[in-house]
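Here is a short report for a reader new to this structure. Please look over the sequence and the model before reading on.

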Amino acid sequence: MALLFDTRLLLRKVKDLRCLTPRRNRVKEKWAATLPKYPSTTLALRYCDNTYGLQLGQMWPSIRVALLSEKKYGALFNHFCQDPVLDNLEAQGCRDFISDANTEDQLLHKNKLEMICAGEPSEVATDEESSCGSMKKSDSEGRPPTPLQLTPHVRCLVFPRGDITRFKPARPDGFGLLGYYLMDAASLLPCLVLDVRDGHSVLDLCAAPGGKTLALLQTQSIGFLCANDSSVSRTLRLRKTLRSYIPKMYLNEEKLQITSYNGTEWGEIERNTYDRVLVDVPCTTDRHSVTENDNNIFRKNRSGERQRLPRLQLDLLLAGIQAACPGGEIVYSTCTLSEIQNQNVVKEAVSVAQENHNITLQVVDLNPLTHLFRKTFHFAPDLNLGVMVVPHLAANFGPIYICKLRRLT
């Protein structure tokens with residue numbers, strides 16, 4: 001017993017046990033190879049502070065807090081599921097923000113038409129509408145603006161503003177199909193403004209992991225959908241996701257084709273083909289970058305990849321423009337606040353398409369979208385091109401940037 005006590009006392013006094021280790025077995029700890037001095041999230045946050053602090057001004061502090069807080073989800077309802085999922089979600093206090101907004105907008109439009117027909121002056125906008133600058137005034141002939149055309153039959157349920165309740169994981173029905181898909185509800189907006197109609201051929205150029213592809217298939221009206229992603233592994237994940245929600249009869253090659261081509265070369269594969277093209281490009285994914293070290297594009301060994309992003313985004317958008325047929329529409333979207341990756345890419349694409357490909361494009365006004373969903377999302381004001389959902393603690397969705405182009409020639 002005394003010997004054991006003496007041994008413990010000796011080990012306690014010896015602070016460095018390397019002297020007791022044979023020299024051939026001594027290993028110097030290389031902490032720099034395992035623990036970076038500055039984690040990727042720290043580098044991303046520094047970049048955001050330096051860039052968005054100047055770009056967004058007084059809005060940045062509140063957006064920063066929201067980005068670092070837990071984000072809010074929406075439940076994309078699966079029309080193919082046989083269980084009473086919708087009733088269960090509504091019983092929990094969720095609401096379908098799409099149908100609610102459409103109903104309210106239709107009533108507002110109807111009331112304005114009735115007032116104009118009766119010769120009564122109509123109010124241009126309420127204080128709430130004018131503050132976000134989202135509603136166009138009637139034109140010189142006294143006609144109100146036409147309601148924004150959205151992709152039909154898509155339903156997404158969210159908890160009210162300020163409610164941070166989490167959704168429970170979806171359960172499969174008797175056929176093995178899950179009842180809903182959890183995603184950032186703002187990520188659904190590019191699919192809605194794409195305005196997919198019966199018989200349309202649609203190209204989703206950067207489809208994985210599959211949330212937007214799944215939303216487009218919920219319309220059940222697409223003539224043909226091509227879902228492409230350059231990564232084979234992400235394409236496999238896309239297939240797995242679709243099998244969990246869509247019956248096999250809708251996944252046949254006549255209706256759906258999943259490919260793994262380089263999206264930037266799509267203009268050489270199929271030109272003037274699709275009625276609608278969705279170009280949801282890779283970006284710095286701001287929310288992920290400031291909160292997760294895993295697969296973070298701000299890692300030092302990915303700095304070159306990050307610097308090449310604007311060029312990649314431009315090439316993908318140009319490929320999508322060439323793939324659309326004359327009269328077709330293209331929606332460009334990202335999940336970043338960066339003006340370089342958003343408005344600047346769209347401006348450059350419109351210019352290059354005209355100069356190099358003789359394609360004339362028209363930018364579609366999406367300001368009515370900010371009015372339509374003002375009760376669900378927080379939109380950035382006074383954007384000169386497109387619209388952007390910015391994170392806000394009361395409605396912590398986004399960031400999502402959207403711009404819609406119509407190909408005229």
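Two strands pair if DSSP finds at least two bridges between them. Strands of a sheet pair through backbone hydrogen bonds, either parallel or antiparallel. The model described here is predicted.

Alanine 75 has leucine 157, in β3, as its bridge partner.

## A parallel pair and its helix

Elsewhere, strand β6 (residues 224-228) and strand β7 (residues 256-259) run parallel. Here 4 bridges join the strands. Leucine 225 is placed opposite leucine 256, a residue of β7.

A helix belongs to this arrangement too. Helix α10 (residues 232-243) forms a β-α-β unit together with β6 and β7. The unit is right-handed.

## Three salt bridges

Side chains of opposite charge can pair when their charged atoms come close. How many salt bridges does a search of the whole structure find? The search finds 13. Three pairs are described here.

Take arginine 95 and aspartate 100. They form a salt bridge, and their closest N and O atoms are 3.8 Å apart. Arginine 95 has 24% relative accessibility, so it counts as partly exposed. Aspartate 100 is also partly exposed, because its relative accessible area is 37%.

Next come aspartate 229 and arginine 234. Their salt bridge has its closest N and O atoms 3.5 Å apart. Is aspartate 229 buried or exposed? Its relative accessible area is 6%, so aspartate 229 is buried. The cut-off for buried is under 20%. Arginine 234, at 35% relative accessibility, counts as partly exposed.

Arginine 311 counts as exposed, because its relative accessibility is 53%. Aspartate 315 has 22% relative accessibility and counts as partly exposed.

## A network, and arginine 197 within it

Some salt bridges link up. Asp195, Arg197, Arg276, Glu329, Lys404 and Arg406 are linked in a network of them.

Where is the place of arginine 197? It sits in the loop between α8 (189-193) and β5 (201-204). With a relative accessible area of 30%, arginine 197 is partly exposed.

The side chain of arginine 197 has polar contacts to two side chains described here. One is with the side chain of aspartate 195, at 2.7 Å. Another is with the side chain of glutamine 149, at 3.2 Å.

Which residues does arginine 197 touch, leaving aside its neighbours within four places in sequence? It is in contact with Gln149, Leu150, Pro152 and Ser221. Threonine 219 is 22 residues from arginine 197 along the chain. The C-alpha atoms of these two residues are separated by 8.5 Å.

Conventions:
Residues are numbered from 1 along each chain as its sequence is written. This is a predicted model: local features need pLDDT of at least 70, side-chain atom pairs count only at pLDDT 80 or more; totals for chains, interfaces and linings use all residues. Side-chain values use heavy atoms; hydrogens and water are left out. Helices (H or I, at least four residues) and strands (E, at least two) are DSSP runs, numbered from the N terminus. A crossover is right-handed if, with the strands pointing away from the viewer, the path from the first strand over the helix to the second runs clockwise. A salt bridge is a side-chain nitrogen of Lys or Arg within 4 Å of a carboxyl oxygen of Asp or Glu. Buried means under 20% relative accessible area, exposed over 50%, partly exposed in between (1.4 Å probe, protein chains only). Contact means heavy atoms within 4.5 Å. A polar contact is a pair of N or O atoms within 3.5 Å; within protein, one must be able to donate a hydrogen and the other to accept it, and residues adjacent in sequence count only if both atoms are side-chain atoms.
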